[in-house]
Amino acid sequence: MTAQDFWVLSPEIAMALLALVVISVDLVTRSMAKVSTVAFVGLVVPLILTLNLWNGWFGDPATGPALFDTFEADRFSLFFKFILLTVMAGTILASAKYIASDRMKDYGGEFVSLVLLSVTGMMILVSATELITIYVALELTALPVVALAAIHRSKQGVEAGTKFFVLSAISSALLLYGFAYIYGYTGSTNLHLIMERLAVLPTEPGVPFGSYAVLLSVIMIVAGFGFKMAVVPWQMWVPDVYQGAPTPVAAFLSVASKAAAFAVIMRIMYVAFGDANLMQDWSGLFAILAAVTMTLGNTLALSQSNIKRLLGYSTIAQAGYILVGLASVPANQVGATSAGAGPQSVLYYLAGYAFTNLAVFFAVIAITSRTNDDSIAGLNGLLKRSPLLAGLLVFGLLSLLGMPPTVGFMTKVVVFGAALNANLTWLVVIGVMNTVIAAYYYLRVIRAIVFEDAVDESQFSADKPILVAAGFAAIGAGVFGLAPFLMLDLAEKALSIVPAMITG
Amino acid sequence: MFDGLLTITVFLPAAVGLLVAIFARGKNSDQQIRWISIGATVVTFVLTVMVFVGYDQDLAGVQMIDYLERWIPIDALRSSYLIGVDGLSAPLVLLTGILGMAAALGSWRIKKRLREYFMWLLLLQTSVLGVFVSLDLMLFFIFFEFELIPMFMLIAIWGSGRPRYSAMKFVLFTLAGGAFMLVGILAIYVTPGVNTLAMVSIPELGIVGVPELIAGADLVVPAALIFTFFFIAFAVKLPLWPVHSWLPDAHTDAPTAVSVMLAGVLLKMAGYGLLRISLGFFQETKGFTIHDVAGYMAVVAAVSVIYGGIITIRQTDMKRLIAYSSISHMGFVMLGVAAVGSSAVETSTAGLNGAALQMFTHGTITGLAFLMVGLSYDRTHTRHIPHLGGLWKKMPLIAIFFLIAGFGSLGLPALSGFVAEIMIFLGTFSVWPWATGVSAFGVVLAAGYTLWMVQRVFFGARPTSPGISDEVYDNLTDANWVDMVPVIALAAPIFIVGIWPSVITDMFDIGIQAVVR
């Protein structure tokens, strides 16, 4: 490794070290408060290192590839690293009380360091530009989550962990299969080289992607990441795991895992399959997936009575909206607008969704940890029992619903706008219809909170750390909704670094 | 360019409402919340007066612009934070300032969940102000839709009767209308060569608005369809027959102050939209212009006026009666807009000016009427007209101001309603004589239902059981000074505009001239 490699990898190295430090602190002290504090404060180091790479405080911002062209700290990856670090900080705050609880306090340090390691994996994942590195990073991402889901050793937790493990294994297998095909066809695992070689290889007319090998490979890759993105038809683990796993883990999964998966699929698609013809082919694939995912996610959410399961289905539906942005590729552009609208809208959607969903999940954690009831009926009369938490939750749900002027509305409008520009009017129609379906179940939860009468009228409030986390997430959602340009400008910068994304 | 005054005016109520909701705690917080919230609306009122007076009529055009070009800076949907006032919006901003203050004052006696109540009421005022000053379609849409949340909460939590049903009905009707509007907005935006959402052209900022850009352009979606999308949204909100049925329910079940806001300013968002968008955008569009449907608009307007009037006469609930009368009165707004079918510029602008003025006057008159019903109901605890009678002797002040609202509503000369209606009739009679003639009969109906109600409620014999028991009747009290402050605030503009209409009409005329090109 050269000094350059260290420089490029510095945020990930800092994260891995932080995980080790946390576990050591856990050995020395038995105070979970200290563990949380160390982890939270320690996050400043990778954050500064990431900011440094973005701004170039100590040298050139465009650091170029590292580790023999397998890893790139471009602004696209750094954008996602900011999201991941934000989610990480929120998760630490949100689980501070949880890891100090009686049944968790023996594994508190492990809990935090496992989450840190998983995020380390995701940070590598969003930067990886080579298939083997992607695969290794993916495993580093998934395995800690298996342990996290089952950390209670309760029946539900173990079931959730096993389910997640088995399905991750299957998805990895599919992914490797896809990688093997593309390697066999092009003779390279490097995304840039794959693009170059695909351009010169002969194509069969009439076959999507120009050859059956590439077609199969793309389908396998999309299927493999489909699990992580929680896209129909690879979504069935989501509600079970969300319900069975500890809620902070579910919150973490619903945001971080999804963002990382979307980042890597975008990179693979735009860098390796970024040719205009190929782009139109996979755009169609994602458009169909988007339509199915939105519709099924929203329809299944209608009949849920458990808030965690409902949120599980809601995250599936949200993944569908993100896919709409992914399908809006530059190659299909109709208007005279610039090409980056589709990918830019995906980044904006993911960031807005991250803040919104964290606010919702954290509020749910804070509530259910007091009421010990995660049915929707358990939220009855919440407004009287805990006005602040109820306010946060209602705000978050309205944003997920897409009510103006929340960030949820802005991101949806931007994504649909990009889709209209990419000639996907039918998909926009389905998307708009879906938001109306979604309104029903989100409003049902809001009705329970605001109008129903509680059985138990006792007042309660949340713990400070999680309230701070939820509050910040909600403020983030509010700010990026009222001032979309703040996030859209960042997203635009994040695009311009990936060369394939501004051509076409 | 960032003037700042409008931004402050729009967001002041919301900011105060949210801060109060978060920070007002403790034993005496109720009284503090009342004073702070009312204070916020009074300050907002002063600001709206500054906006109205500060508008330079000689300069015309759009003024007091706050412009942040890169608000949604993505090519797929380039939208700016662009707010400003012109002759059309300035009087409506003032109206919102007046009614917001009256509604807050009229909420003095609210006790239930006070903190949230004022938060929603203030958020409502912000969203309505936002609609009137937005000059970017996306911004306009957001404010137009955002108003649903506060209204839903205000009706559902503080309402009476069947509040949740009415609140839901209100939301579903408006949401459906709004969805059509959003499709219309996107359809305009994706038209090649448009790529902007600015609602007006502002030469000094280099902004070319949608009306100019779509004039004569080949639209992706037929102009008639886009027009229909917008028209549905506004017809629901105005409301026009046959999509009016949410209005009586929402009004009847809403708390008094919310009815004041609903009738006073929320319905005007639709009238404003008709003038600014339906009229402003679709005069020179290819294949279809608003002139093609002006005749149908006149017919729908006449049906609304007469249907609303006849239904109103049959009502036995005072509040429901006034709610139905709104349908009739807002029909006149539609009728005025239909004057655009005239080939003579003088007549069509007379009708359009009348429509605009009718919005303003209806806001104050009906706001006052709802306020008086609320005051009467607070004392008698019934709104059922057959159960009431002879209230004149016990509460003369309430009766007098109720009578003023009634006279305004039936168009008595020297009150503002007369001026608006006469302008509308002058504008439309030469173009749509039949529709106008039929609509004029609506004024007769208005005289009928208003005077008949006043006669039954305030005059005649004292009520007998099961209406109001003797004991309750003997202890009835008249309005006190707390009640009278908002009443005066609403009654004053009725007289001022009635006697000196040009204070408002000159302003509207500037706006209408700019919209009609």
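1. Asp489(A) and Arg70(B) form a salt bridge, with the closest N and O atoms 2.2 Å apart; the term stands for a side-chain nitrogen of Lys or Arg within 4 Å of a carboxyl oxygen of Asp or Glu. Across the interface of chain A and chain B the rule finds 1 salt bridge.

2. This is a predicted model, in which local features need pLDDT of at least 70 and side-chain atom pairs count only at pLDDT 80 or more, while totals for chains, interfaces and linings use all residues. Residues are numbered from 1 along each chain as its sequence is written, chains are lettered from A in the order in which they are written, and side-chain values use heavy atoms, with hydrogens and water left out.

3. In contact (heavy atoms within 4.5 Å) are 29 residues of chain A and 25 residues of chain B. The area buried between the two chains is about 2,600 Å², with 76% given by carbon and sulfur atoms; buried area is the accessible area (1.4 Å probe) lost by two parts on being put together, summed over both. Met403(A), Phe451(A) and Phe485(A) supply 21% of what chain A buries against chain B, more than any other three residues.

4. Ser439(B) lies in helix α18 (residues 433-458) of chain B; helices are DSSP runs (H or I, at least four residues), numbered from the N terminus. Ser439(B) is buried, at a relative accessible area of 0%, where buried means under 20% (1.4 Å probe, protein chains only). Leaving out residues up to four places away in sequence, Ser439(B) touches Ala302(B), Val305(B), Phe332(B), Leu335(B) and Phe425(B).

Technical notes
Helix = DSSP H or I, 4+ residues; strand = E, 2+ residues; numbered from the N terminus. Buried < 20%, exposed > 50% of the residue type's maximum accessible area, 1.4 Å probe, protein only.
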